[in-house]
Amino acid sequence: MLSRVANSIYWLSRYLERLDSIARFINVNYFLMLEKGEATDGKTQWDPLIYASGDHKDFFQRYKKADEKNVIKFLSFDKTNPNSILSCVEAARENARTVREIIPTEQWQTINDLYHFIKDESKKKKHSNLQDFYKKIKDYNNQTIGLTLNSQLRNQAWHFLRLAKLLERADKTARLLDVKYFSLLPNLSYVDSPYDAIEWGAVLKSVNAFQMYRQTYHRVSYENVSDFLINNQYFPRSICYCVSEASKSLAEIISIIGINVEASKYMDDLETMIKSKDTKSILREGLHEFVDAFQVKLNELDEAIYNSFFALKI
Amino acid sequence: MNFDEYLTEEFYDELFESDGKARNFVVPLVNKINSLSKRELNRKKFAAESALKQQGITFSVYGDKDGIEKIFPFDIIPRVIPGKEWYQIEKGLQQRIKALNCFIHDVYNDKQIFKDKIVPEELIYSSSCYLPQCEGLKPPKNIWIHITGTDLVRDKEGNFYVLEDNLRCPSGVSYVLENRSILKKTFPDLFQAMKVKRVSNYPDQLYETLRHLAPENNENPNIIVLSPGIYNSAYFEHAYLAQEMGVTLAQGSDLTVINDEVMLRTTKGFEKVDVIYRRIDDDFLDPSVFNPESLLGVRGLMQAYMKGNIALANAPGTGIADDKAIYAYVPQIIKYYLDEEAIIPNVPTYLCENKEDREYVLDNIKDLVVKAVDQSGGYGMLIGPKSKKKEREEFKEKIKADPRSYIAQPTLALSRSPTIVEDSIEGRHVDLRPYILYADDIFVSPGGLTRVALVKGSLVVNSSQGGGSKDTWILEEDYS
């Protein structure tokens, strides 16, 4: 497989996952607004979404306040934000276009449809039904995943798609945990209150985890939610699951290529970091510190993947 | 919306006789369309356009910062050619391609045709399409023009003429295949009823043509398509053909030359390439030999090619036979190499370089089409009857300053074919570009791209100038 193509597939997959996460986060915040009414006088916090995206510096340089309108604009339709849904879908489509001969035709068409769908909404002066809009994005994304699942050869392309998606997902789950943890800290009195349960419930919903969580733990508490999202080895969005599956795909790529690469060392580091600690000790030592360290390692791995596969020098 | 009020006017019409009766071989098609309500026909048109948009068969409007994309206009009423007529076209194209290939080989090798004074030698060396780097080149099996797309037009009487040969990188074949897959959904029942020849095996034929170029002992040659990249207007086609053949689609930056072998940069390291179907022009192929500014090509490619380590389709240098001044000699070229009369005639051509011709052109420019010899795509031309006085004066000056660079032809009353235009069906001018593959045999894909000038009265069918396309149906036999 061409290095350039592998690179495009990797980023195609990351951008799709990224925009999917943003759509989920926003949609869940909407529901939260409807549910928690009394406890907060109907005011929903929108700033945690900005922190979860990691682009808060950029946001506050250009917007005065993190209210619903600004946050939605910044995260969904702001072309100057490289991580907005609109920017992500443009980048995903551009990458898909350069590899359209590799990915299943229907997958290209779905990504192309998704692009037009988002582009059309972004041009509207008034967004009348955004909840449907975000839901539709999730549907499209599930469709693209289904298409590759059912028709892509289990070759390098498949494993690069998978590797990228899982790493992006692990990153988003980590950020979400971090932000939620922080936004709850100032109100320690909330801990384990009904309001707390609603908030953590929203966290779970935003990663489509609530139902599966209930089957595992029944009661909502922040230790259990953290454990579920960090260390549950069966939940497909937990950090632990994403990392160990990403590691399998990397190993497959290496075995197809037949050459060992530096990326595998960084992957091992990441896996060791996750597997060597249980949730209790992570929480004791500080969730934020853990997430920080995790992201540093993730970035190192990302760079190593670039050097190992995409940057072939003569 | 139906054919009840359809007028052929003074033109040859592809589907209707001059008395307004449908040609007998298109009766099922005409009946079908007449049986549809306006709403149904519009729905079919809309469905076809949505399919094109979904597949991303679009082009960007340059200079539009919102990145507005448009689909290439497509008309759902096919153009139909009966089998008997097609047979003559097929024979004529095979003859022409064979002769042109002999000619190109001769130009860069023995130069017999100059010695026999059939084509003036100066015409070659004064052409911007002549490549001195190709002197003495003997491409595999002596085939130079593997993939071509000849432009044909009909005149008022319905006779076919060759307008341009397009021996370099003609595009459009992907639209032939896509248009067909769309029309199969639009009029599914007509294909069997009218016995339309299939076009879907083109990618297989193309693959075999490229494979034919690899050394015979190579069981599994590495074949690639080389594209300028996603910003090229034909990128969709490059990706489409690579996908259909299941071969790698590469850009210049994916390739490098090591020890005169062309290599792909892959995740596994470097991988040797055997055959390149290149969709970039000669001038950009190799910055060390041609245009030094080129970022699209591969440094060292030509040396690898001259050593026989890589095959290229088409060979470099074939543009020489595309020069419109050389075009004028093709009937003599056919006669010289094959000892046959041309089956499909040329459009009469005035070479401005010849004094007599030039004077005629300058005096009659208002009735003629003037073309720059080394351009295509509808660029660099003047259509006399549609031109303004100022434009004609400009062209006259250009001709006087550089007569070798211009030819002129009479303005043909191109044939028309019924086309949906807003709320009615009207005649619009069309041409035809069949695609020809040259391997052991010369294969002419049945049909080709029918381009249609959507602007009323316009004779320019190029997509860059407001043209659209139609599916082209070649019938197994005359339908009657």
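**Getting to know chain B**

User: Hi! In chain B, where is confidence lowest and where is it highest?
Analyst: Hello! This is a predicted model, and within chain B the lowest confidence falls in strand β1 (residues 58-60), with a mean of 65. The highest is in strand β20 (residues 435-438), at 98.

User: What does chain B average in pLDDT?
Analyst: The average is 91, and 96% of the residues score at least 70.

User: Good to know. What should I keep in mind where pLDDT is low?
Analyst: In such places the predicted coordinates should not be read in detail.

User: And what ipTM and pTM does the complex get?
Analyst: The predictor gives an ipTM of 0.76 and a pTM of 0.86 for the complex.

User: On to the fold, then. How many helices and strands are in chain B?
Analyst: Chain B has 14 helices and 23 strands. Its radius of gyration is 23 Å, close to the 23 Å that the globule rule gives for 480 residues, so chain B is as compact as a globular protein of that length.

User: What box do the C-alpha atoms fill?
Analyst: Roughly 65 × 60 × 50 Å, taken along the principal axes.

User: What share of the residues is buried?
Analyst: Of the 480 residues in chain B, 58% count as buried. As for the surface, chain B exposes about 20,100 Å², with carbon and sulfur atoms supplying 47% of that area.

User: What about contacts between residues at least 6 apart in sequence?
Analyst: In chain B, 68% of those contacts join residues at least 24 apart.

User: Last one: how many positive and negative side chains are there?
Analyst: Chain B carries 59 positive and 72 negative ones, and the centres of the two sets lie 3 Å apart.

Notes: Residues are numbered from 1 along each chain as its sequence is written. Chains are lettered from A and ligands numbered from 1 in the order in which they are written. This is a predicted model: local features need pLDDT of at least 70, side-chain atom pairs count only at pLDDT 80 or more; totals for chains, interfaces and linings use all residues. Side-chain values use heavy atoms; hydrogens and water are left out. pLDDT is the predictor's confidence in each residue, from 0 to 100. Helices (H or I, at least four residues) and strands (E, at least two) are DSSP runs, numbered from the N terminus. The radius of gyration is taken over C-alpha atoms; the globule rule is 2.2 Å times the number of residues to the power 0.38. Buried means under 20% relative accessible area, exposed over 50%, partly exposed in between (1.4 Å probe, protein chains only). Contact means heavy atoms within 4.5 Å. Accessible areas come from the Shrake-Rupley method with a 1.4 Å probe; for residues, only the protein chains shown count as cover. Lys and Arg count as positive and Asp and Glu as negative; His and the chain ends are not counted. The place of a charge is taken as NZ of Lys, CZ of Arg, CG of Asp or CD of Glu.
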